[in-house]
Amino acid sequence: MKPYRIAIIGTGAVVSSHIQAIRSVGGRANLVAAVDVDEARVKAFCAEHQVPGCYTDTGEMLAAVQPDLVHIATPPATHLPLIVQSLEAGAWVYCEKPLCKSLAEFDQIEAAERRTGRYVSTVFQWRFGSAVQHLRRLMRAGELGRFLVGTCQTLWYRDMAYYRVPWRGKWGSEGGGPTLGHGIHLMDLFLYLVGDWAEVSAMIGTLDRDIEVEDVSMALVRFQNGSLGNIVNSVLSPRQESHLRLDFQRATVEVTALYRYTNANWRFSIPDASPDQEALARWQAIGEDISGTHNVQLAQILDSMDRNECPPVSGPEARRILEFVTSLYKSAQTRQVVLRGSIGPDDPFYHSLSGSS
Ligand SMILES: NC(=O)c1ccc[n+]([C@@H]2O[C@H](COP(=O)([O-])OP(=O)(O)OC[C@H]3O[C@@H](n4cnc5c(N)ncnc54)[C@H](O)[C@@H]3O)[C@@H](O)[C@H]2O)c1
């Protein structure tokens, strides 16, 4: 099979993870073009990585190169038009989180997928590490008992220098604060592991940064199976940490890391009172040690392209976290509990996470 032809749109901070991922799939794909509205930046990028096609206009690149797959690594407000343009040009899309800024935008993306027969996968690299996949296998096999209580904390630190980049910190261009931009990784993992949520109650605040959006959010969530979780998303936390803790009937499983994890970041605890050594041994039999990175997700997208089937983190798998984030913002701003499935096109929060047009 011929290598897939990949183009990258956006050559800023996160592009290095995409370069690593493309290198990691070896002969399965070639990076043939890059686009950035910043001409000097894209030229430097193409020179450094020997990319033959160097563009400042996406339409021009799509027409000239006709890539099989487009990686989108631009600011959130640009994702929807770039995704639709790429799908219409016949490409599949691997798009950075957050996929888009509202459920209304999401539904436009799904309509474009249906029209073109091409798919979009959202970057959620944390799902793809070996510890997460091992945990999913143990959960599916019923080895841990029922899930009961979860804690999901993204405690990061971003100062005002970070927010000087013009697109950050604004509803219009970033779409939201740490709920949408930072904590979304761990919240997505939480929902990916635990399953559908039923209701959410939340508060947000802008406590210490001079920005439009929140700098902290807190939420309580009840899952469909009755289990409970709490969530904190902060950019105000000097000692930074991402911590997800899941309490099952037979064990606590938790990860403490920052942006990446390996198996060593995971901890498995059994009750002192009734230690289930067999469960511990089953957890310890993880085998491989694969970090949750763009590399694994890209390899799986190429597998899906080989089979012409929906890739991971597409469709309902991508909508779930966006609906949850939307409901969290709505709960915080209306001071009401929000039920899953209750936000439709007549709701202002369907169109914008700030709830205003
Ligand atoms: N998956 C992760 O762990 C992770 C980490 C960091 C950032 N991100 C996401 O990646 C995206 C980009 O973030 P970043 O930190 O790299 O931003 P950045 O500002 O460093 O880079 C964005 C680049 O996109 C270019 N650009 C803007 N509009 C464009 C357009 N219409 N067409 C072509 N180029 C355009 C800019 O000139 C800039 O070079 C965001 O959605 C962010 O949330 C993801």
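**Domains and sheets**

Mentor: The chain is assigned domain 1 (4-122) and domain 2 (126-292), where the bounds come from an automatic or database domain assignment. This is a predicted model, in which local features need pLDDT of at least 70 and side-chain atom pairs count only at pLDDT 80 or more, while totals for chains, interfaces and linings use all residues. Residues are numbered from 1 along each chain as its sequence is written.

Trainee: What separates the centres of domain 1 and domain 2?

Mentor: The two centres, taken over C-alpha atoms, are 28 Å apart. Six residues from domain 1 and eight residues from domain 2 make the contact; two residues are in contact if their C-beta atoms, placed from the backbone, lie within 7 Å.

Trainee: Which classes of residue are on the side of domain 1 that touches domain 2?

Mentor: That side of domain 1 has four nonpolar, no polar and two charged residues. Here Ala, Val, Leu, Ile, Met, Phe, Trp, Tyr, Cys and Pro count as nonpolar, Asp, Glu, Lys and Arg as charged, and the others, Gly among them, as polar.

Trainee: Changing topic, what is the order of the open sheet of six strands?

Mentor: Its order is 3-2-1-4-5-6, and the pairing is parallel. Strand 3 (53-55) and strand 6 (120-122) are at the edges with a single partner strand each, so one side of each has no neighbour in the sheet. Helices (H or I, at least four residues) and strands (E, at least two) are DSSP runs, numbered from the N terminus, and two strands pair if DSSP finds at least two bridges between them.

Trainee: How many bridges does strand 1 have with strand 4?

Mentor: Strand 1 (residues 4-9) and strand 4 (residues 69-72) pair over four bridges, in the parallel sense. A7 stands opposite V70 in strand 4.

Trainee: And the open sheet of eight strands, what is its order?

Mentor: That order is 13-12-11-7-10-9-8-14, with mixed pairing. Strand 13 (266-269) and strand 14 (338-339) are the edge strands, each with a single partner strand, so one side of each is left without a neighbour in the sheet. Within this sheet's order, strands 10 and 9 stand side by side: strand 9 (residues 216-223) and strand 10 (residues 228-234) run antiparallel and are joined by seven bridges. R222 is opposite L228 in strand 10.

Trainee: Which residues of helix 2 are buried?

Mentor: In helix 2 (residues 39-49), V42, F45 and C46 are buried. A residue is buried if 20 or more other C-beta atoms lie within 10 Å of its own, exposed if 12 or fewer, and partly exposed in between, with C-beta atoms placed from the backbone.

Trainee: What covers the buried residues of helix 2?

Mentor: The cover includes helix 1 (15-24), strand 2 (29-35) and strand 3. On the other side of helix 2, A40, A47 and E48 are exposed.

Trainee: Is Q66 buried or exposed, or in between?

Mentor: Q66 is partly exposed, with 14 other C-beta atoms within 10 Å. Q66 lies in the loop between helix 3 (58-65) and strand 4.

Trainee: Lastly, where is the cis peptide bond?

Mentor: The cis peptide bond joins K97 and P98, with omega about -15°. P98 lies in the loop between strand 5 (92-95) and helix 5 (103-116).
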